[in-house]
Every structure is written in structure tokens, then in C-alpha cells.
Amino acid sequence: MFYRYIDPTYFLVMIGALLCVLAQSNVTSTFSRYSRVGSRTGMTGATAAERILRANGIYDVRVEHIGGNLTDHYDPRDKVLRLSDTVYGSTSVAAIGVAAHECGHAIQHNTGYLPLQIRGALVPVANFGSKLCWPLILAGLFLGHTFVQIGIIMFCAVVLFQVVTLPVEFNASSRALRILDETGMLYSDEVSSTRKVLRAAALTYVASVASSVLQLLRLLILFGDRRDD
């Protein structure tokens, strides 16, 4: 029968992929919904970012415009906060929330937030691991189990990086919401709307971690008990 030839562990991959699709769909729809809700202060995402940075004594971080949708990020190497088309010039509560979130990363960097430092240290290891883990695992199918083991270890480094990313992202959102509320840049009902946007964004990271952990579990099931002849 056909079902006998189906790898049952592949369902772990399918579950992970489904979680990522659902999380991405949720953040897209949530951001789209609240990007149509203008803030009563009328400030843009770029203006909000500038105010937050200056209010926290950060004067060496530039705020720049970058193309794309939700491509916003803080670059700690160049100390540049880049805001996308849908955030930089928008006055929506969603845009201000995203801008404040990225400012949260800049504040983390400025204050030496430990999880961010750990994450930064793991970047080269995770990049190296993500490039070589699958080629090594595939090579191990022909050249010996040792290559598979090395590939799985490298994949573990990728998973570790994603796990460390979670507290960094949650903390940045927490900082953003607190700043927006305490400074009055958004009204309380607007902060509540922004919280929904940032929560949806955070769930994409959770889904990514869950997907990677499920993939790692699949690898361990498939290759964990094998040995070289």
C-alpha cells in the first residue's frame, strides 16, 4: 500500500510549516487592519522613532527609509534603524508600534541587554550552521553517519539562535508598549491596538522556533540511533 512508503516523521515538518504559514498570515492581516487606523497624535513612524531614541539619550542611531513591506530592522553594526515603506511615513498605530519595537532593539543595544549580546555572538555560528547543516546531512547519507552528526550539531546552533531571539523580541515589544503608553505618544486604546500588532509579530518567531524544533526532532528520530558500519 502507498501509505507504507510515507515517512511518518514528515508530518512533523508539515506541522511546523503550517504553524509558520498561520503565524505569517496572522501578522499580515493584523498589521493590515491596524495600518488603516490613524493615530490621533498624527506622527509618523519615523517621527516616533526619532522621539523615542532621543528620549532615551540615543543620538548616534540614524533613522532611514528602506523599501519593502515589514522589512523594518535595527542594524547594531552601523547603528541604523531602517523603517519600511508601510512604516516610515505612515501615521497608523501599527506603523508607530513597529517603529517603537525597532527602537526597543536600539535601546537594548545601548544598555547592553544580555540576551541581545548573546544573540549577536551566535550570529556567525548560526549563519555558518544554516549554510552547512543540510549539505552535511545529505552527504552523510553516502559518506557516513559522522557527517550527519556534524550536520545535526550545526542545525542545533541554528535552533539555539532562534530560541535566544525570543526573549530579545518579546523584550523589545514590551519596551515599545511601555514607552508609547508612558510618553503619551499613543492613547490607551491605541496602545491596545498596537499590542495586538506586536503580539502577532512575536508569534511568527514562536512559530519559527517550533518549526525548527520539530525539524530537529525529526532528524533525531531518523538518524539518532544510526552508527557508521
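In helix α1, the residues Leu-12, Val-13, Gly-16, Ala-23, Val-27, Thr-30, Phe-31 and Tyr-34 are buried, where buried stands for a relative accessible area under 20%, exposed for over 50% and partly exposed for values in between, computed with a 1.4 Å probe on protein chains only. An α-helix has 3.6 residues a turn, so residues three or four places apart point the same way. The cover over the buried residues of α1 includes α3 (85-88), α4 (93-111) and α7, with contact taken as heavy atoms within 4.5 Å. Helix α1 itself has 25 residues and reaches 37 Å from its first C-alpha to its last, close to the 36 Å expected at 1.5 Å a residue; the expected span is 1.5 Å times one less than the number of residues. Helices (H or I, at least four residues) and strands (E, at least two) are DSSP runs, numbered from the N terminus.

Since this is a predicted model, local features need pLDDT of at least 70 and side-chain atom pairs count only at pLDDT 80 or more, whereas totals for chains, interfaces and linings use all residues. Residues are numbered from 1 along each chain as its sequence is written, and side-chain values use heavy atoms, with hydrogens and water left out.

The sheet comes next. It is open and is formed by 3 strands in the order β1-β3-β2, with mixed pairing; two strands pair if DSSP finds at least two bridges between them. Strands β1 and β2 (73-75) stand at the edges with a single partner strand each, so one side of each has no neighbour in the sheet. On average, neighbouring strands of this sheet are turned by 25 degrees against each other, direction ignored. The pairing of β1 with β3 is parallel and runs over 4 bridges, and His-65 stands opposite Leu-83 in β3. Helix α4 lies across β2 and β3, running at about 25 degrees to β2, where axes are lines fitted to C-alpha atoms, for helices over the stretch in contact, and angles run from 0 to 180 degrees between N-to-C directions.

Which residues are linked in a network of salt bridges? They are Arg-62, Glu-64, Asp-75, Arg-77 and Arg-82, a salt bridge being a side-chain nitrogen of Lys or Arg within 4 Å of a carboxyl oxygen of Asp or Glu. Arg-82 meets Glu-64 at 3.8 Å, N to O; because Arg-82 lies in strand β3 (residues 80-83) and Glu-64 in strand β1 (residues 62-65), this pair ties together parts that are 18 residues apart in sequence. Arg-82 also forms a salt bridge with Asp-75, with the closest N and O atoms 3.3 Å apart. Both Arg-82 and Asp-75 are buried, while Glu-64, at 27% relative accessibility, is partly exposed.

The structure holds 7 salt bridges, and one of them joins Asp-189 to Arg-40, the closest N and O atoms being 2.9 Å apart. This pair links distant parts of the chain, 149 residues apart, with Asp-189 in helix α7 (residues 188-223) and Arg-40 in the loop between α1 (10-34) and α2 (45-55). Asp-189 is partly exposed at 40% relative accessible area, and Arg-40 is exposed at 51%.

A search of the whole structure finds 0 disulfides, a disulfide being a pair of cysteine sulfur atoms within 2.5 Å. For Cys-133, the nearest cysteine sulfur is that of Cys-156, 9.8 Å away. Cys-133 is buried at 1% relative accessibility, whereas Cys-156 is partly exposed at 33%.
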